[in-house]
Amino acid sequence: MKKAGVFLIGIMLGVVGMTACTYVRKVTYPPNFVYLDDRQVVSSMAGLNVNLWRIDDIIANSETILPYQREEIIRLLLRMEAIADKLGAGTTVTNHLLIDENIDVFKDEVRDARNQVEGDPPNYYLAGRLSGSCMACHRRR
């Protein structure tokens, strides 16, 4: 009985401590600050990668891109823009300096690629070049 009480108190203190950390973060950072935890960064980067692979696959394996493939590319690019927003695009500061330096340019490149794909006639050149944008930050070391 005594161990269960100590365990319960430990759990409660842990929850209160985590809540306090979140509150302190909200009050100590400026309003335009975006805090990115490691899981969010890894998940977002994985999402960008999956969407980019799909775009590259469509472009590389199609002699002529059909209307439904064009719509899929547009949908994937919109998803990538949304992911970039969650990574702090348009804000001034996150807790990841490399993301701060590159996310706005990357989002602009994704938007430009989408605008060209939506054009008449559609142009897939910039969409095909997007993976090179990723290599700017993720080059082999």
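Is Gln 69 buried or exposed? I found Gln 69 to be buried because its relative accessible area is 12% (buried means under 20%, exposed over 50%, partly exposed in between, with a 1.4 Å probe and protein chains only).

A note on the source: this is a predicted model, where local features need pLDDT of at least 70, side-chain atom pairs count only at pLDDT 80 or more, and totals for chains, interfaces and linings use all residues. Residues are numbered from 1 along each chain as its sequence is written, and side-chain values use heavy atoms, with hydrogens and water left out.

**Entry: Gln 69.** I placed Gln 69 in helix α3 (helices are DSSP runs of H or I with at least four residues, numbered from the N terminus). Its side chain is joined to that of Ser 62 by a polar contact of 3.1 Å (a pair of N or O atoms within 3.5 Å, one able to donate a hydrogen and the other to accept it; residues adjacent in sequence count only if both atoms are side-chain atoms). Setting aside residues up to four places away in sequence, I listed Ile 58, Ser 62 and Thr 64 as touching Gln 69 (contact means heavy atoms within 4.5 Å).

**Entry: Glu 81.** I looked up Glu 81 next, also in α3, which covers residues 67–86. Glu 81 counts as buried because its relative accessibility is 9%. Beyond its neighbours within four places in sequence, I noted contacts with Lys 107, Val 110, Arg 111 and Arg 114. I also checked Leu 48, 33 residues from Glu 81 along the chain, and got a C-alpha separation of 9.1 Å.

**Entry: α2.** Leu 48 turned up again among the buried residues of α2, which also include Val 41, Ser 44 and Ile 58. At the N-terminal end I found Asp 37 as the cap, with a side-chain oxygen 3.1 Å from the backbone nitrogen of Arg 39.

**Entry: Ile 65.** I found Ile 65 in the loop between α2 and α3. Ile 65 counts as buried because its relative accessibility is 19%. Not counting residues up to four places away in sequence, Ile 65 touches Ile 59, Arg 70, Ile 73 and Tyr 124.

Conventions: Helix = DSSP H or I, 4+ residues; strand = E, 2+ residues; numbered from the N terminus.
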